[in-house]
Amino acid sequence: MSTATLLILLSSAPVLTPGGLPQGWEPLSFPKIEARTLYDWAASSGALHAFAEKSASGLIARTAGSAAETPILRWRWKIVKTLAQGDEHQKSGDDYAARVYVVFQYEPSQARLMTRLKYGLIKRLRGEYPVHSGISYVWANKLAQGESAPSPYTRRVMMVAARSGDAGAGEWRSQERNILEDYRRLFGKEPPPYAGIAIMTDADDTKDTAEAWYADMSLSAK
């Protein structure tokens, strides 16, 4: 998926694949998590619907380009509720009814020696480098709106509470973020090229259920 001045990632009337997902989106799963979130296209609302029951997986739209060219990410989302046992600072509470990831490519020139050796081995095994860093825009459970924190699993991913709590649950909410500004603030340097944009609804750590909808997602220059 190439980058332009305006890149539509998710429209209200997408072309669907044989699997029922919008064209350009593919499953994103984790080897150690067997139970996967269910994703389907909800034509009545023009949105991707997600339902998680003690499960975790996502969808990713792989895209190139840079945050300097298309820094503005816009989307709409809706949740049923946040997760009562969710806790942004604990692995046991690292679940969200809705989150949008921006993931960035690995750049060897910016990595330490051990990281270069590790990622070099992964590339030989898989044929490509893994994603190295990311920003996770979450509908937070407890983290106050506007605040940020590192993921409890890796400091290479920073979480930003785009929304927080059950205020607004059950209603569509529009979001806009400047990825370039956020990356500079969170990581203190310029961002690498994009690797993709992902969505995820998960409830595996809290052993709960979560439900959400995602719609009208785009990257643009302004």
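The protein chain contains two helices and 13 strands. Helices are DSSP runs of H or I with at least four residues, strands are runs of E with at least two, and numbering starts at the N terminus. The model is predicted: local features need pLDDT of at least 70, side-chain atom pairs count only at pLDDT 80 or more, and totals for chains, interfaces and linings use all residues. Residues are numbered from 1 along each chain as its sequence is written, and side-chain values use heavy atoms, with hydrogens and water left out.

Of the 222 residues of the protein chain, 49% count as buried. Buried means under 20% relative accessible area, exposed means over 50%, and partly exposed lies in between (1.4 Å probe, protein chains only). The protein chain exposes about 10,900 Å². Carbon and sulfur atoms supply 51% of that area. Accessible areas come from the Shrake-Rupley method with a 1.4 Å probe; for residues, only the protein chains shown count as cover. A contact here means heavy atoms within 4.5 Å.

Seven strands form an open sheet with mixed pairing. Their order is S2-S5-S12-S7-S8-S10-S9. The edge strands, each pairing on one side only, are S2 (26-28) and S9 (148-150). Two strands pair if DSSP finds at least two bridges between them. Neighbouring strands of this sheet are turned by 25 degrees against each other on average, direction ignored. Strands of a sheet pair through backbone hydrogen bonds, in either the parallel or the antiparallel sense.

Strand S5 (residues 56-61) is mostly covered, with six of its six residues buried. Ala56, Gly58 and Ile60 point one way from S5. Ser57, Leu59 and Ala61 point the other way, and all are buried. S5 runs antiparallel to S2, and three bridges join the two. Within this pair, Pro27 stands opposite Leu59 of S5. S5 also runs antiparallel to S12, here over six bridges. Ala56 has Asp202 of S12 as its bridge partner.

Ser55 sits in the loop between strand S4 (47-53) and S5. Ser55 counts as buried, at 2% relative accessibility. Its side chain reaches the backbone nitrogen of Glu53 at 3.1 Å. Such a polar contact is a pair of N or O atoms within 3.5 Å; within protein, one must be able to donate a hydrogen and the other to accept it, and residues adjacent in sequence count only if both atoms are side-chain atoms. Leaving aside neighbours within four places in sequence, Ser55 is in contact with Ala35, Arg36, Thr37, Asp202, Ala203 and Asp204. Asp202 is also the bridge partner of Ala56.

Elsewhere in the sheet, strand S8 (residues 133-140) pairs with strand S10 (residues 157-164) in the parallel sense over seven bridges. The bridge partner of Trp139 in S10 is Arg163. Helix H2 (residues 179-187) packs on the sheet. H2 touches strand S7 (96-104), S8, S9, S10 and strand S12 (194-202). The direction of H2 makes about 105 degrees with that of S8. Axes are lines fitted to C-alpha atoms, for helices over the stretch in contact, and angles run from 0 to 180 degrees between N-to-C directions.

In H2, Ile179, Leu180, Asp182, Tyr183 and Leu186 are buried. Seen down the axis of H2, its buried residues fall within an arc of 165 degrees, so they line one face of the helix. The arc is that of the directions from the helix axis to the C-beta atoms. Asn178 caps the N-terminal end of H2, with a side-chain oxygen 3.2 Å from the backbone nitrogen of Leu180. Just after H2, Gly188 takes a positive phi of about 70 degrees.

Lys207 lies in the loop between S12 and strand S13 (209-220), and is exposed at 56% relative accessible area. Asp216 belongs to strand S13, and counts as partly exposed at 32% relative accessibility.

Gln90 is found in the loop between strand S6 (72-79) and S7. Gln90 is partly exposed, with a relative accessible area of 42%. Gln90 and Pro152 are 62 residues apart in sequence, and 5.7 Å apart in space from C-alpha to C-alpha.
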